[in-house]
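Have a look at the sequence and the fold, and then read on.

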Amino acid sequence: MESSEVKTLDAASAAIVAESAQFVATHGDVIAKRLYETLFERHPETLELFSMDFWPQVRLDEEEDGGIDELSDEEGQKLQHFKCAFDGCTKGFSIQPALMADSLQKYLVHVSDFGFDLIMNKIERICQKHVSRNIQPQHYPLIREGLLAGIEHALETEAGSGLPHEKNDILHAWGSAYDLLASMFIERERILRGDLAGKKNSWTNFESFLVIKVEETDKLWRFHLERVNKRLPPQVMPGQFVCVRVKTQHVGVIHRNFFLDPSPSKSVWIFSLQKTMPLDADSERDRSVMCKKFFAEALKVGNQVGLSMPLGGFLMKK
Ligand code: HEM
């Protein structure tokens, strides 16, 4: 997309976003929490896209708002798995959601004055991560829905907005800013996917790899994998990462990104998972530790897992 094609935010929306930015920033936590609750309650299929240590506490225990009972069997089962696996987890909550929601708010405030090139530079790394997770254009309206639900909730419940605008005007302005930002993400991610598709030995989404060797030390596991169809994978550049998709017995499909280690063989990809030891009673309840345990379990020799194309590093340098 050339700069000249970029849509701009209408002046009224830009002014309202600027004037309400302080309120939104002040209540960022409340908004982020409602954003993810809305996303996972209305679209539970998106839960698996996020790293397990990202999963915030959804309100499954609350009778109000329906909880599990109002979900379809399949959705309910998935969330039930989630709840069972994480009942009693006390740590690992809410760091990543804050990162994504914070940046969302930051970029939305500046989407009309940062300029196209600056925004594109800033979002490049995020777009690479999104592509590795197979985030698609149809996911963007789901985050929009959550964002606006979060802002609406904050406007209704948090004191001190003192804003000289109607709630609907504020929501409309933030919705418009989001649409503009989302269009930039979607376009960049489309181009990234096209670049990947043009690479030698490429695939789309996830490719099946076989775990052929696992080295274990006190500090880490190092996994060696090759393509199930025996074809060579694309060449890896220093600093590149892949998204690994595994199916676990307890919580279904989970994803996590790993940097690729140097490999002596062109046909073998290697990545490492740091242990968090010792696994005392408290760390057993840390979902980041649980996530690692699920990965170590799923990445046994002879098991198959899905790997994304490599992203990051020097991929985009021509
Ligand atoms: C304009 C809207 C969006 C913004 C500003 C945004 C921002 C971010 C940021 C800052 C990160 C962290 C990147 C990193 O760790 O380096 C991230 C990661 C991620 N985003 Fe987004 N995002 C947006 C839309 C979406 C959508 C529509 C989805 C799909 C539901 C999504 C799913 C994810 C996932 C799965 C991750 C990886 C989180 C993890 O590590 O588990 N994002 N995003």
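## The model and helix α1

Please keep in mind that this is a predicted model. Helix α1 takes in residues 11-26, and its 16 residues should span 22 Å at 1.5 Å a residue. The end C-alpha atoms of α1 lie 24 Å apart, which agrees with that expectation.

Where is the kink in α1 centred? The answer is Ser20, where α1 has a kink of about 45°. Ser20 is also one of the buried residues of α1, a list that includes Ile16, Val17, Ala21, Phe23 and Val24.

## Cysteines

How many disulfides does a search of the whole structure find? The search comes back with 0.

## Salt bridges within helices

The count of salt bridges comes to 13. Side chains of opposite charge can pair when their charged atoms come close.

In helix α2 (residues 28-42), Arg34 and Glu37 sit 3 residues apart, about one turn of the helix. Their salt bridge has its closest N and O atoms 3.5 Å apart. Glu37 is buried, with a relative accessible area of 4%, whereas Arg34 is partly exposed at 23%.

Helix α7 (residues 167-197) holds another such pair, Glu187 and Arg190, 3 residues apart and about one turn of the helix. Here the N to O distance in the salt bridge is 2.8 Å. Glu187 counts as buried because its relative accessibility is 17%, under the 20% limit. An α-helix has 3.6 residues a turn, so residues three or four places apart point the same way.

## Asp261 and its partners

Asp261 forms a salt bridge with Arg222, with 3.7 Å between the closest N and O atoms. This pair links distant parts of the chain: Asp261 belongs to strand β4 (residues 252-261) and Arg222 to strand β2 (residues 220-227), 39 residues apart. Asp261 is partly exposed, with a relative accessible area of 23%, and Arg222 is partly exposed at 28%.

Which side chain makes a polar contact with the side chain of Asp261? That is Ser272, at 2.6 Å. Ser272 is in strand β5 (residues 269-274), and with a relative accessible area of 19% Ser272 is buried. Not counting residues up to four places away in sequence, Ser272 touches Leu220, Trp221, Arg222, Phe258 and Asp261.

Technical notes: Residues are numbered from 1 along each chain as its sequence is written. This is a predicted model: local features need pLDDT of at least 70, side-chain atom pairs count only at pLDDT 80 or more; totals for chains, interfaces and linings use all residues. Side-chain values use heavy atoms; hydrogens and water are left out. A disulfide is a pair of cysteine sulfur atoms within 2.5 Å. Helices (H or I, at least four residues) and strands (E, at least two) are DSSP runs, numbered from the N terminus. The expected span of a helix is 1.5 Å times one less than its number of residues. The bend at a residue is the angle between axes fitted to the seven residues ending there and the seven starting there. Buried means under 20% relative accessible area, exposed over 50%, partly exposed in between (1.4 Å probe, protein chains only). A polar contact is a pair of N or O atoms within 3.5 Å; within protein, one must be able to donate a hydrogen and the other to accept it, and residues adjacent in sequence count only if both atoms are side-chain atoms. Contact means heavy atoms within 4.5 Å. A salt bridge is a side-chain nitrogen of Lys or Arg within 4 Å of a carboxyl oxygen of Asp or Glu.
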